[in-house]
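Please open the structure in your viewer and follow the stops below in order.

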Amino acid sequence: MIKSREEMPPRRLEVDLQGPGGNAFALMGLARKLGRELGWSQEKCNAIARTMRMSNYENLIKTFDEFFGDYVTLYR
């Protein structure tokens, strides 16, 4: 059966925090990329990145999840 692309359910991105995509720099890069794709301003993307850098890794992933948890699933 052939279906239209519109019928395809949206897929969430998945990140394994223990893999290379789960390091702090990769997550900050992903945050900037997703922010641009979502049409957010450069100022907002910079503010999110600044907040992610303010503390430790746990705070970084909590901040990432707060802003991008609707689009990305993080696995520990």
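**First stop: a loop glycine**

Select Gly 69, which lies in the loop between α3 and β2 (72–75); helices (H or I, at least four residues) and strands (E, at least two) are DSSP runs, numbered from the N terminus. This is a predicted model, in which local features need pLDDT of at least 70, side-chain atom pairs count only at pLDDT 80 or more, and totals for chains, interfaces and linings use all residues. Residues are numbered from 1 along each chain as its sequence is written, and side-chain values use heavy atoms, with hydrogens and water left out.

Gly 69 is buried, with a relative accessible area of 16% (buried means under 20%, exposed over 50%, partly exposed in between, with a 1.4 Å probe and protein chains only). Not counting residues up to four places away in sequence, Gly 69 touches Arg 12 and Phe 64, contact meaning heavy atoms within 4.5 Å. Arg 12 and Gly 69 are 57 residues apart in sequence, and their C-alpha atoms are 9.4 Å apart in space.

**Second stop: Phe 64**

Next, select Phe 64. Leaving aside neighbours within four places in sequence, the contacts of Phe 64 include Leu 27, Leu 30, Ala 31, Leu 34 and Met 52.

Now display helix α1 (residues 24–37) and helix α3 (residues 57–68), whose axes come within 11 Å and cross at roughly 20 degrees. Axes are lines fitted to C-alpha atoms, for helices over the stretch in contact, and angles run from 0 to 180 degrees between N-to-C directions. The contact involves, among others, Leu 27 and Leu 34 of α1 and Ile 61 and Phe 68 of α3.
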